[in-house]
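Open the model in your viewer and keep the selection tool at hand.

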Amino acid sequence: MTDDSTPFVAVQEASKAVVKNEQEYDKVENVSEYVKVARKNLNLILFDLQKRKIALDTLINYSDGQKMKLLFNILDKDHDGHIHATELMSLFRRTDAGMTFKQSLEKSVTYIALYDADNDSTVDLEEFKNIVYRITAEADSNFHEMCEFIIMSMWFSTNRNTAREDKIAKITSGAIDEKVHQAVEYNNTLADGRMRELFSLFDKDENNEVSFTELADGLYKMKDEKFWKHQESAMDIFLMVDEDANRTLDYNEFVKMVLNILHAAQVEFNEVAEAMKDSVANRAGMDSQALEQAKARYNHEQDLIDEFKEERGIKNALHYAKLHKLYDIWDTSNDGLLSYEELVLGLRKYMKTNNLVAMTEETLFTMLEFDKDEDQKLDEEEFANLIVKFAKKTDQNLHELIDFLAVLSLTENDAKEEEYIKSISEQANQQIKAVQNYDPDTGIYAPDTTEEPTNEPAAEGKPISSVQGMKGKRY
């Protein structure tokens, strides 16, 4: 933007000053200080409104191209020349007073996936134009008026993210970008004629659905392909993509299934499309014994759903069956319990962009909050409570969150990060046990020792929260 952008920069600076001054209310200690802050705040608000009036007068004389660029710059908060889903969501929320954080985020992911031509999980200015054109058409308006409406909404609308929601968006930004990438990939693959041909090869009885036995037979034919190192996990994930729980996969579910397999193997569909079709069309299928084993595996999963329905009265048993499978994947020691190490390794795949040290400490507090029987591990019920609460806290659909975690669980952790996590796990377990056994009356931490754990820092390169900082707390 040219120097004509000065009024709009002034609006941003004035708004920041108002927000900064409002934080001073938390520091006041008497009536006199409160009055001073209130007066200053009122003056800043009046100054802010004056700058907005000047900006609106200037906006009237802008060309459509200038308005588009201005709107793009308002949304591009980190000024990297691209709009991410976490930035675009403010447009939808500011222009729709009834839209929630979750709804605005989902809409942002959908729109960026539709117009992200270069598959970078963001939109640049040219791609962003298509989003604005679509919004204009949906509102039965014209571009000139719509652009002004959006810009004014960005300045004046009170419907915006809370500080907590902004923090959630920042923490999960990497995972959100990955969702956009997967949505782009899904849209492209859904329309790919080769995928439709592959579906037809699986669908032997031509009823436009793939049964479990058809799936098992088709997957078996691809067992020698380079992407087939996750065969067992791919079989497990059948129930997770069978969204309507009717024991078959329609075309959309089938596409998700294939992409899940390829995602786990870090292979693109374009790379293996022809090989997949050739394998299913020309190779021998499963023998009767192998097919019976596959059926038994599938029946076991269905029995889990029935078991949860009968014994726990779960209204949506499919969620719990999926949680059971996710729990099994994270339980790498196969002891039926999740240790601190296993929990960190599982969560790390979802929070790869977070600071690793901070995340290991946060997970320590998570163990303290959800380990109700205080055995320094999470059983399946404790794990379920953790995931359900996390879904609510981040305003995510539980079904979709579990699916996403399951897919990410098929990827590998960074080797150095995994080594670091393993190196601090024993110390973390000791910290957790000490806090759980802390007796505030005697000041003794563990029943088998009278020596209070020290506050000395961990070995170099192995920071972890001190027990002292967690005395007497329950989370």
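**Before you start**

This is a predicted model: local features need pLDDT of at least 70, side-chain atom pairs count only at pLDDT 80 or more, and totals for chains, interfaces and linings use all residues. Residues are numbered from 1 along each chain as its sequence is written, and side-chain values use heavy atoms, with hydrogens and water left out.

**Stop 1: the largest pocket**

Select K16, K77, R94, R160 and D166. Of the 39 residues that line the largest pocket, these are the closest to its centre. The pocket has a volume of about 1,400 Å³. A pocket here is an open set of points on a 1 Å grid over the protein atoms alone, where a 1.4 Å probe fits, with protein on both sides within 12 Å along at least five of seven lines; lining residues have an atom within 4 Å of a point. The volume is the space filled by probe spheres set on the points, which are joined across faces, edges and corners.

Now colour by helix. Elements giving two or more residues to the lining include α1 (6–22), α2 (31–59) and α3 (64–75). Helices are DSSP runs (H or I, at least four residues), numbered from the N terminus. Which element gives the most to the lining? It is α1, with seven residues.

Colour by residue type next. The lining divides into twelve nonpolar, 13 polar and 14 charged residues. Asp, Glu, Lys and Arg count as charged; Ala, Val, Leu, Ile, Met, Phe, Trp, Tyr, Cys and Pro as nonpolar; the others, Gly among them, as polar.

**Stop 2: the largest nonpolar core**

Select L71, L75, L88, L91 and F128. They have the most contacts inside the largest nonpolar core, which has 42 residues. Such a core is a set of buried Ala, Val, Leu, Ile, Met, Phe, Trp, Tyr and Cys residues joined through side-chain atoms within 4.5 Å. Buried means under 20% relative accessible area, exposed over 50%, and partly exposed in between (1.4 Å probe, protein chains only). Helices that each supply at least two residues of this core include α5 (101–115) and α6 (125–138). The largest share, seven residues, comes from α7.

**Stop 3: aromatic rings**

Show the rings. Rings of Phe, Tyr and Trp (its six-membered ring) pair if their centres lie within 6.5 Å; planes under 30 degrees apart count as stacked, over 60 as edge-to-face and the rest as tilted. The count comes to ten aromatic pairs.

Start with Y25 and Y34. Their ring centres are 5.4 Å apart and their planes at 50°, so the pair is tilted. Y25 is partly exposed at 26% relative accessibility, and Y34 is partly exposed at 44%.

Go to F199 and Y251. This pair is edge-to-face, 5.4 Å centre to centre with 80° between the planes. F199 lies in α10 (193–202) and Y251 in α14 (251–265), so the pair ties together parts 52 residues apart in sequence. Both residues are buried.

Next, select R134, which lies over the face of Y111, at 5.2 Å from the ring centre. K256 lies over the face of Y186, at 5.8 Å. The rule: NZ of Lys or CZ of Arg within 6 Å of the ring centre and within 35 degrees of the ring normal.

**Stop 4**

Select K393 in α20 (380–393). K393 is exposed, at 52% relative accessibility. K393 and R164 are 229 residues apart in sequence and 9.7 Å apart in space, C-alpha to C-alpha.

Finish at M195, in α10. M195 is buried, at 0%. M195 and E274 are 79 residues apart in sequence and 9.7 Å apart in space, C-alpha to C-alpha.
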